[in-house]
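Keep the sequence and the 3D view open while reading.

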Amino acid sequence: MTTESLRRTAAELGLPDAPVEARPADPAVHHVRAKLDREIRALLAHEPGTRSGADPEDLHQMRVALRRMRSVLKLSGRLVGDGAEPVRAELGWLGQSLGEVRDFDVLIGHLREVIAGFEVRDQAPGRRLVAKFVRERATAKRRLTRALSSARYSTLLREVSLLTRAEFTPEAARSHDLIAGLAKPHRKLAKAVHALPADPPDDDLHALRIHGKKLRYAAELAQTSAKKKQAARIKHLLKATKDFQTVLGDHQDAVLAAERMRTVLESADGPMGFVAGRIAERELTRRAEARATWRASWAAVDAAAKALHA
């Protein structure tokens, strides 16, 4: 979306011409509003590319903006009014459609990279395997396009824009410390880690990644209100949570890819089944590698979070 198009769309939603800014000394509610303002603008900027499908990165960034808004509303939504929770639920609806297509983008990109390294005789069945998922992605993309063209989506955009200007209670805003608020998502993540057995189920590690993502997004918001020393510590926490997400993200991608290959094996012909089996074996190895390293990345997150309150 061009700058002028984005400006017009923002104006139609009632957003100001310039993005909302918040200074470190401003009340927490201003930081929440500024964050929502930034993320809805990012979502709008990547919407045309998401619709066209020319670059998968647009869909990815649109989804990231949406997730950040959901995280902000989960942790600090009460500062911008009672409408925060319904909006967060609607963002979840849109996130499902974006996530379905994004999962296919990740899978297809990874398969193409893996198959490119196979022998020549496995290239053709490998391309047929990829084509199967390209067709499935197209079906998911049509569902996403319908969602983005719906009245429900238009209403959601208006409701988010209203939250950036919502009335608030000054007393509640002053009592809310965004940096101190990081303790809650850190505790939830730590509790989830400590509850895991030595060899956790795949779904539990995926849930752990989501907890880590919530901590990271909360830290991004808190960083805008931090003084110099605190900002440096939050920066360290952000790096640690990003690394943590990467390890568990690789694990989840490997789990999903291996499961997709199992599904293919149920109906594929010999050559394509052979390629799917090779890929499944690679993904199980990738899964094992992530399982061997995730606890070390968690230790870095834990140390960085504790340093904030030392």
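## The largest pocket

Helices here are DSSP runs of H or I with at least four residues, and they are numbered from the N terminus. The model is a predicted one.

The largest pocket has a volume of about 1200 Å³. It is lined by 39 residues, and those closest to its centre are Arg 63, Arg 67, His 206, Arg 209 and Lys 213. Helix α4 gives the most to this lining, namely 11 residues. At least two lining residues come from each of α3 (56–76), α4 (84–116), α9 (202–223) and α10 (228–265). Sorted by class, the lining has 17 charged, 13 polar and 9 nonpolar residues.

## Salt bridges within one helix

The structure holds 23 salt bridges. One of them joins the side chains of Arg 88 and Glu 85, with a distance of 3.2 Å from N to O. Arg 88 and Glu 85 are separated by about one helical turn, because they are 3 residues apart in helix α4. Which of the two partners is buried and which is partly exposed? Arg 88 is buried, because its relative accessible area of 15% is under the cut-off of 20%. Glu 85 has a relative accessible area of 43% and is partly exposed.

A second pair of this kind is found in helix α9, where Arg 216 and Glu 220 lie 4 residues apart, about one turn of the helix. Their side chains meet in a salt bridge of 3.8 Å, N to O. Arg 216 and Glu 220 are both buried. Salt bridges with shared partners join Arg 216 and Glu 220 to Lys 35, Glu 39 and Arg 68 in one network.

## Lys 35 in the network

Lys 35, a member of that network, has its place in helix α2 (residues 28–52). Is Lys 35 buried or exposed? Its relative accessibility is 6%, so Lys 35 counts as buried.

Which residues does Lys 35 touch, leaving aside its neighbours within four places in sequence? Lys 35 is in contact with Arg 68, Val 72, Glu 220 and Leu 221. Among these contacts, Arg 68 and Glu 220 also belong to the salt-bridge network.

Arg 128 forms a salt bridge with Asp 269, and the closest N and O atoms are 2.8 Å apart. Arg 128 lies in helix α5 (residues 123–148) and Asp 269 in the loop between α10 and α11 (270–308), so this pair ties together parts that are 141 residues apart in sequence. Arg 128 counts as partly exposed, at 38% relative accessibility. Asp 269 is also partly exposed, with a relative accessible area of 35%.

Pro 86 lies in helix α4. At 48% relative accessibility, Pro 86 counts as partly exposed. How far apart are the C-alpha atoms of Pro 86 and Glu 159? They are separated by 9.3 Å, while the two residues are 73 residues apart along the chain.

Pro 201 lies in the loop between α8 (183–194) and α9. Pro 201 counts as partly exposed, at 41% relative accessibility. The C-alpha atoms of Pro 201 and Glu 57 are separated by 30 Å, and these residues are 144 residues apart along the chain.

Notes. Residues are numbered from 1 along each chain as its sequence is written. This is a predicted model: local features need pLDDT of at least 70, side-chain atom pairs count only at pLDDT 80 or more; totals for chains, interfaces and linings use all residues. Side-chain values use heavy atoms; hydrogens and water are left out. Buried means under 20% relative accessible area, exposed over 50%, partly exposed in between (1.4 Å probe, protein chains only). Contact means heavy atoms within 4.5 Å. On a 1 Å grid over the protein atoms alone, a cavity is a set of points where a 1.4 Å probe fits but cannot get out, and a pocket is an open set with protein on both sides within 12 Å along at least five of seven lines; lining residues have an atom within 4 Å of a point. Grid points are joined across faces, edges and corners, and a volume is the space filled by probe spheres set on the points. Ala, Val, Leu, Ile, Met, Phe, Trp, Tyr, Cys and Pro count as nonpolar, Asp, Glu, Lys and Arg as charged, and the others, Gly among them, as polar. A salt bridge is a side-chain nitrogen of Lys or Arg within 4 Å of a carboxyl oxygen of Asp or Glu.
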